[in-house]
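Morning, everyone. Have a look at the screen.

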Amino acid sequence: MIYLETVTKPALILSRLERDKLEVTINKRITEYTLVKELFVRGQDIILSPKTKVLKTFMQHGETSVYAHSLAVAKYSLLFAQFLEKTFRMKLDKDSLVRGALLHDYFLYDWHVMGKGKRTHGLTHPRTAMNNAHRDFGLNDLEKDIVLKHMFPITPIPPKHRESFIVDIADTWCAICEALKIDISSFVIRRVNFHIALASGHYTLGENVTNLVPLVKPEFAAEA
Ligand SMILES: [Fe+2]
Ligand SMILES: [Fe+2]
């Protein structure tokens, strides 16, 4: 909670520079709060599904699980989509965007221990993920395109829809950050955990503002 950690003295005696910095921090944090809330609302059938839990057991890039990676990709996809809608008045299907992003790596195996198949994983996993996701969650045509084309240009067929390009770019961005060990998913996991706990009725408020966290039971925790 950067906001709470930053307020170390009364606002009145903060210097102008400190106030500006604090304002930027608060605005950034509020944006992230609303962004993750929107992500949860649009993708909650997937996030709350017991089938999604298995994604926490497979690692994606570096020390990031497939689950954490998928949440980060969904968050950045939504952020890019909001930017495009506001800046260029683009009409985007954000429900399908979030669902496709959450399921884009739903291939359900550990690709690090695949032997020879490891080499072709980059080419084959989008189709495996699409088939698995359609079987478990039922995808529309746009969501299928998002999952199937998210590795373009490694897979040669380009996406048909703008939403697919957005997820493709968000996926690349997240993969680079994760490979460089830049933490892009812990905040989204914490907030998604909060919404899971809220939806499940397992939460509490702490004694003071720094303890405004849900009491997440282990089975609802996104990360062990
Ligand atoms: Fe992928
Ligand atoms: Fe990915």
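How many helices and how many strands are there in the protein chain? The count is 8 helices and 0 strands. Keep in mind that this is a predicted model. Read from the N terminus, the elements go α-α-α-α-α-α-α-α.

Now the chain as a whole. It has 224 residues, and 31% of them are buried. Take the contacts with a separation of 6 or more: 60% of those join residues 24 or more positions apart.

First pair: H3 and H8. Helix H3 covers residues 66–88, and helix H8 covers residues 186–200. Their axes lie 9 Å apart, and the packing angle is about 95°. Angles of 65 to 115 degrees count as roughly perpendicular, so H3 and H8 are roughly perpendicular to each other. Who makes the contact? On H3, Ala-68, Leu-71, Ala-72 and Lys-75. On H8, Val-188, Ile-189 and Val-192. By class, that contact has 6 nonpolar residues, no polar ones and 1 charged.

Helix H4 is residues 94–103, helix H7 residues 162–179. The axes come within 10 Å and cross at roughly 40°. That angle makes H4 oblique to H7. What is the hand of the crossing where H4 passes H7? Right-handed. From H4, the contact uses Ser-96, Leu-97, Gly-100 and Ala-101. They meet Glu-163, Ile-166, Val-167 and Ala-170 in H7.

To recap: H3 and H8 pack at about 95°, while H4 and H7 cross at roughly 40°. Over to you for questions.

Methods: Residues are numbered from 1 along each chain as its sequence is written. Chains are lettered from A and ligands numbered from 1 in the order in which they are written. This is a predicted model: local features need pLDDT of at least 70, side-chain atom pairs count only at pLDDT 80 or more; totals for chains, interfaces and linings use all residues. Axes are lines fitted to C-alpha atoms, for helices over the stretch in contact, and angles run from 0 to 180 degrees between N-to-C directions. Helices (H or I, at least four residues) and strands (E, at least two) are DSSP runs, numbered from the N terminus. Angles under 35 degrees count as roughly parallel, over 145 as roughly antiparallel, 65 to 115 as roughly perpendicular and the rest as oblique. A crossing is left-handed if the near helix is turned anticlockwise from the far one by less than a right angle, and right-handed if clockwise. Two residues are in contact if their C-beta atoms, placed from the backbone, lie within 7 Å. Ala, Val, Leu, Ile, Met, Phe, Trp, Tyr, Cys and Pro count as nonpolar, Asp, Glu, Lys and Arg as charged, and the others, Gly among them, as polar. A residue is buried if 20 or more other C-beta atoms lie within 10 Å of its own, exposed if 12 or fewer, and partly exposed in between; C-beta atoms are placed from the backbone.
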